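Let's take a walk through this protein together. Keep the picture beside you and look for each part as we get to it.

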Amino acid sequence: MPNIPDQSKAKDKHQRIISAAVKVFARKGFFQAKVSEIARAAGVADGTIYLYFRNKDDILITLFKQAMQGVLVEMKAALDAEQNPADKLAAFARTHLDLVKRNPELAGIIQVEIRQSAKYMKEYDKTPFREYLDLLSGVIKQGQVEGLFNPEVLPGVFKRAFFGALDEMSRYWIMPSARDYSPEEAARQISRFFLCGIENPGSS
């Protein structure tokens, strides 16, 4: 762990660095961005960065984990507001794409930059992202118990396939020139594509 300075100021500087990193990574890309540029955007000395983070990869991973904690809170609330598993899937899709719409800079970093980090790939299964995907498999298991979803569907396969569709739509939507329909419509369409394939023929 880096040597964190006085805690009374540490939290504020830490967050300023993270916020600055979002803007610098979004503008220049992870590999082209320099720690000195992040420091300048955060209003701190270059050396201050290393009191909080080991290196640029550490900033990126911390940024991602912090962002995902907020995403998890919002997604859990969206799912808890629904009772029916099919409605939960639709809510997951809507919430995911709405988060992209509201945070395009951060979404772009998660879509592109984070996946180019060797440190992220090494720690992939340890990140909050795994918990995020498990929310989807939990919905499928609930639907199977209630007899709404095909019992032959493997939750582990479904969660990756469903997220993959949302992920690709997110990548498409964060490009301004490609916005020819809304995230809300995309979420509705994707939900229906998957639901029509996993509902039991005899269910209501």
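By salt bridge we mean a side-chain nitrogen of Lys or Arg within 4 Å of a carboxyl oxygen of Asp or Glu. Both residues sit in helix α10, three residues apart, which is about one turn of the helix. Arg 188 is partly exposed at 46% relative accessibility, and Glu 185 is partly exposed at 30%. (Buried means under 20% relative accessible area, exposed over 50%, and partly exposed in between, with a 1.4 Å probe and protein chains only.)

A word on where this comes from: the model is predicted, local features need pLDDT of at least 70, side-chain atom pairs count only at pLDDT 80 or more, and totals for chains, interfaces and linings use all residues. Residues are numbered from 1 along each chain as its sequence is written, and side-chain values use heavy atoms, leaving out hydrogens and water.

Now for the overall layout. The chain has 10 helices and zero strands; these are DSSP runs numbered from the N terminus, with H or I of at least four residues for helices and E of at least two for strands. Of the chain's 204 residues, 45% count as buried.

Next, head inside. The largest nonpolar core holds 58 residues, and Phe 25, Ile 38, Ile 49, Leu 89, Phe 92, Tyr 132 and Phe 162 touch the most other members. Such a core is a set of buried Ala, Val, Leu, Ile, Met, Phe, Trp, Tyr and Cys residues joined through side-chain atoms within 4.5 Å. Helix α4 gives this core its largest share, 10 residues. Zoom in on Tyr 132: leaving aside residues up to four places away in sequence, Tyr 132 touches Met 68, Val 71, Leu 72, Met 75, Phe 92, His 96 and Phe 163. Touching here is a contact, meaning heavy atoms within 4.5 Å.

Back to the charged pairs: the whole structure has 10 salt bridges. One of them joins Arg 102 to Glu 74, at 2.3 Å from N to O. This pair links distant parts of the chain, with Arg 102 in helix α5 and Glu 74 in helix α4, 28 residues apart. Another connects Glu 37 and Lys 28, whose closest N and O atoms are 2.7 Å apart.
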